[in-house]
Every structure is written in C-alpha cells, then in structure tokens.
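The sequence and structure come first.

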Amino acid sequence: MSKALSALSSRLVIIIPFVWLLIFFLAPFFIVFRISLSTTAIAMPPYTPVFDLADGISGILEGIREFSFDNYVWLTQDALYFNAYISSLTIAAISTFLTLLIAYPVAYGMAQAPRSIRPTLLMLVILPFWTSFLIRVYAWIAILKPEGLLNQLLLFLGVIDSPLVILNTNTAIYIGIVYSYLPFMVLPIYSALEKMDGSLVEAAQDLGCTPTTAFWKVTFPLSLPGVVAGCMLVFIPAVGEFVIPDLLGGSETLMIGKTLWNEFNANRDWPVSSAVAIILLMILVVPIMFFQNAQTKSEGR
Amino acid sequence: MKSLGSIRRSFAPWADPTAKPYISFQNVTKRFGDFTAVDNLSLDIYQREFFALLGASGCGKSTLLRMLAGFEDPTSGDIILDGQSIKGIPPYRRPVNMMFQSYALFPHMSVEKNIAFGLKQDGMPKTEIAERVAQMLKLVKLEKFAARKPHQLSGGQRQRVALARSIAKRPKVLLLDEPLGALDKKLREETQFELMDLQQDLGLTFVVVTHDQEEAMTMADRIAVMSAGKVIQVATPAEIYEAPNSRFVADFIGDVNIFEGKVTASSGAAMTVAASSGFSLEVETSDPLASGADAAVALRPEKIRVTSQPPASTAINTVEGEIWDIAYLGDMTVFHVRLPDGKVVKASMLNAAREMDDPLAYDQKVWVSFAANAGVVLKG
C-alpha cells in the first residue's frame, strides 16, 4: 500500500512541472497559434472564426476549414517584418556581446575575491532588481537626454562642447539592454568560475603557461557553459524586448517587440500579431532546442 | 658505527661532505599575515634523491613545496636550485613540475592532450610531442586510454595521468603533493613501489609531501619530519625510526613507549635509569647522560618481549606486569601490559607460528623484558 503510494507520489513530482508547462506554456501557445490562423473581424473578439460549443462538431469543423496561413504569407510580403526581425536579432546579438564583455571581468573579479566578501558582491549584483525595471529604464532617460546628467557632466569636464545625442538612438538601446541584463550574464559566469578548481590554473602555470595563456587555455574554456547560459539569458529576452526600445530608442529603431505591440494595440490586428509572435518563437526556440540537444549529446558521450 | 635497519641501496650523498646539495633552503621563512607557516628553515636535498616532507597538516610542508614550485615566495631567506637562486622566478619559468594532490587534470582535454600540454607550451615540434606522449602513456600503462577524458577514468588511472603529465617535460625536480592520498590502501601500496621504480629509472629528484608516515618510510631516501614550520629531524627512514632525536619524532613515527626517570649510573657506553615505574632500566648509548640527570628512554613495541615465565636472565630490563588488553592483528599481536604503578606498556609480537606454545590471556601475570640496546635516549 505504502509502496504504491510512494510510486504515485514520485510520479506526481514528475507530473507537476509537465502540468505547469501544459497550462502556462503549451495551452497559451496553441491559443496564439489558433488566432494566427484566423482573419481579422470587427467583432469581439476581433477575429473569425470563433468556436462555440453550441454549434456542435459540424460547426467546429466548419470553423477549422476557415483557417488559413494568409497571415504568414502576409508577413513575407511586407519587408517591414523581415527588417524588424533582422534588426531585433542584430541589436540583441550586439547587446549580448557587449554584456559579455562587461560581465566576464566582473564575474571573474567576484570569483577571485576573498571568500568572505563574495556574498556581499553577489548581493550588489542582484541589488538593482529591488527597484522596478520600468523605473530604472526611465532613469536612463534622465541620464542620457541632451540636457541630462551625462551631458552635463561631460560639458562641465570640458570633454565635449555641445551635448551628445544619445537618447532615442540605438546606442541608448544598447546601454539600456546591457545595463538591464547584466546580472543575468554575471551570475551564470560567476557560478561557473567559482566552482572551478584553483589548482587547474596553477597546474597550467606549472607546465609553462603565463597567467594570460593559462586563462585562455584553461579558465575560459572551462567557463564556457556559464558564458553560453548567460548569453542565452540575455539574447532571448533582448530579441523580444519592447520597453527598452520604446522608451530609449528612436523612431528609426525597428524591433519586433515594438512591431508586435503596434499590430496588436494600434492596428488591433490580433491574427497578424499572433503570427509575428509565433515566428519569433520559431526563430528563437528551434535553434536553442537543437543547440541544447547537441550539447547534452556531447556531454553524455 | 653499526647501521640502523636495512640499507636500500648505496646512495647517501648527504653523508658525503663534498657533495653539493641540489636544492637548498637557506633560512627560509614564510609568513601569511600573522601566521608563520615556515620558520627560519634550512634544508638540503641532493640530486636523484627521493625526499619526503612528513608532518601533520598545517606543519608547513605544503608551503615548502609550493615555494619550490613558485606559487609562493619566501618572506625571507633564499632557495637555491642547481646552483641558482629561484627566488622571484615565476612557476612557468622554473625547471620543476608538480603533481597536485587533486591531480588538477584539465577536464576539457583528453588524457593525451593533458600530457602534451606542457610540451606544447615549450614549443616542442609536433612529431616529438607525439613521440614523448606515447612514451609517457607506455610508462604509466595507459596506452588504451589516450583519447579518454579525465572523468572517464578511475582514481588510479587519473593519478597516473597526473604523474605522466608532470614528468613529460623531464623536470629537474618533481614535486609530489600527497601523491597517493586519494587512492585506496591496496592501490596505494602498489603505487608506492611503482613510484620508487620510476624515480630510479628516470634518475629524477623527487620531493614528496605526505602526512602518511608509512608512505614516507616506504618510498623516501630521507625524511624531514616537520612541525610548526620547523624541521625536527632529517634522516633516513631507519634512523628516524630507530634513533629519533626527540620525543616529537619518536611519538610521531610509529608506536613508542617512553620511560622517564633519573640517571643512577653512567659509564662510557651505557647508563642506568631508575624508571618512575619502579624498575631499573639499562640502556646502551654512545652519549650517556651524567648521573642524576633526568632521562627519557624510548622503546618500540616490537623490541619488547612479553612472556608468561620470567626470562632466563632477569638481571636487566625486566619488570612484572599484567595483561590489560590484547589486539590480534593477524601478522602480529599487540599486548598492553599494565605495570604495578599503572603505566601501560605496548608490546607487539610477531605471530610467526600458527599455534603458540605459550598463549597469553587477559589479566595474566607476565614479565616484560627488553635488551639493553633496544631503548633510545631522547634528547629533545
């Protein structure tokens, strides 16, 4: 009896995450996917077909017959979407790279710091999360605008003669993304570096490596899992980022998050914006799944 | 002088006053903040020697090794290697290599790449590297495992990869930090002999750090017993065991009984001590203490006989007691004999025959006896 009970409970433990994913990921995904196959309508909800159980099975089949991939075809016909995807991926890639450049030395310094102060350093990295993300992005407007803090400081120091135009450019977006996502890059790299056996670097030096060569031949390769995890945690949300380009970017900035928002709110075109979202998901999820699959395979070997 | 214990081979440059030391610690002190890890220590190690630094954890033995490797610099004093001061030379420019306690194998490289790592750093031509790696793999009998990653190897195999990697560059000195610490007992014993053979074949100088006295005794030509940053005694294993220079060394290496008392008679080559346990103890010594002085005499358990009948000559070094404890270990039996004053004497006897003529039992009245040359007078 108790055996059966424990078997049941162990199965339950596995089932819970699956149920969670089913309810909060798979079900919404299918709803969005289903909307993306519909047509806009001036109605409530603003698309057809709408299923009603009262119509019976024949009614549902009728509705399914109305589904079409027209919205996806539409996305390929307007260069706007293609450009937005490309520009989002580029901005996200550049931001991820910049974040890595800043985060790696930070994480390395933290891992090298005396064990006693590491918890404090860790706290400092997480500290910005205690303030609302939105407020922090707004704060950047005050810093970057022509009469903002940064320009005032540079003018005061005599570095520049006239205010720099940073706000409402891609530079401001990079600053915003790098600033906002830095902890997501620092933490996995730190955790990879922190658990590394210090005698490995000593062994490399003992065998003839200068500290620099030892870093590139031993420390960096061994921290790669952390680097990859950090890059994913920054790149994926950065591609679909909406708030930062909306607040800090200019009118010429084209990012898919903003395009999606426009389709949804300004144009009230739920089917097209759903299609945009589905494509975005495909662009991100499919390569990541392949990548992770390959990684697990190479580790298991 | 009569030799102590067995002689392994006729190799004793330390006894030759004209021999030049290969490694020389000269008044080396190393402090970490307030803590003095190595305290004004001087020590000579000779070429082709298998030298062991033995001591409890925190005695400074690892710091000494790390100073040789270049990971720590002495606070004061100098270290000479092959006639040159190596003070301030970074680890990557020193002609020494180290085998780490954790092995420190690079987890992202195959066995082959691990061994080739140091050679590549030196810019050795590819064909030569391949040759040397093959040679090393053969030496440690890991030819079949060349392509494996460290995590796919057993503990013993990893130990051998670490060894191969550290000798691949043919260093002048090989440093070994607790080289066998992570192996189980049986494997450790086998590997001890492998290491000794390897050292002989390659003609390298080995400096090994260990806390395991048995390991040090088995492998080393000479042992430095360390405590609190100082060397207490440097000598061959036999000398350390049979003629410890201090109570610390006598106590640290093996089991020992220490009798204390006042010297009652002293001649040129022997002295008599009135032991506090109430019997008179005669010791042969080349350097007897004066009459009336306080003396401590160390006796190894295997040099003490325990018999149920009084020994034939009861004239010297015999005392009555009672069996307190018996520990049967297979190859030998350890008896704890309680003397009339309550002192417990440890004595071990080889179980040379399967059946004993004179079996001893708990609480039995026995005679404890030992020869006049069995005891060592402790000076420190």
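## Strand pairing in chain B

Gly261(B) stands opposite Ala275(B), a residue of β12(B). The strands concerned are β11(B) and β12(B), the latter covering residues 270-275; they run antiparallel and are joined by five bridges. A hairpin of three residues leads from β11(B) to β12(B). Here two strands count as paired if DSSP finds at least two bridges between them. Strands (E, at least two residues) and helices (H or I, at least four residues) are DSSP runs, numbered from the N terminus.

β11(B), residues 257-266, also pairs with β14(B), residues 294-299, in the antiparallel sense over six bridges. In this pairing Glu260(B) stands opposite Ala296(B) of β14(B). In a regular strand, side chains alternate between the two faces of the sheet.

## Basis of the model

This is a predicted model, in which local features need pLDDT of at least 70 and side-chain atom pairs count only at pLDDT 80 or more, while totals for chains, interfaces and linings use all residues. Residues are numbered from 1 along each chain as its sequence is written, and chains are lettered from A and ligands numbered from 1 in the order in which they are written.

## Contact between the chains

How many residues does each chain bring to the contact? Chain A gives 14 residues and chain B gives 17 residues, where contact means C-beta atoms, placed from the backbone, within 7 Å. On the side of chain A that touches chain B, α9 (198-206) and α10 (211-239) each supply at least two residues. The largest share of that side, six residues, comes from α9(A).

By class, this side of chain A has seven nonpolar, four polar and three charged residues. Nonpolar means Ala, Val, Leu, Ile, Met, Phe, Trp, Tyr, Cys and Pro; charged means Asp, Glu, Lys and Arg; the others, Gly among them, are polar.

## Overall form of chain A

Chain A has 13 helices and two strands. Its radius of gyration is 25 Å, well over the 19 Å that the globule rule gives for 301 residues, so chain A is more spread out than a compact globule. The radius is taken over C-alpha atoms, and the rule is 2.2 Å times the number of residues to the power 0.38. Along the principal axes, the C-alpha atoms of chain A fill a box of roughly 75 × 75 × 35 Å.

The domain assignment, automatic or from a database, gives chain A domain 1 (1-27) and domain 2 (75-300). The C-alpha centres of these domains of chain A lie 35 Å apart.

Terms used
Two residues are in contact if their C-beta atoms, placed from the backbone, lie within 7 Å.
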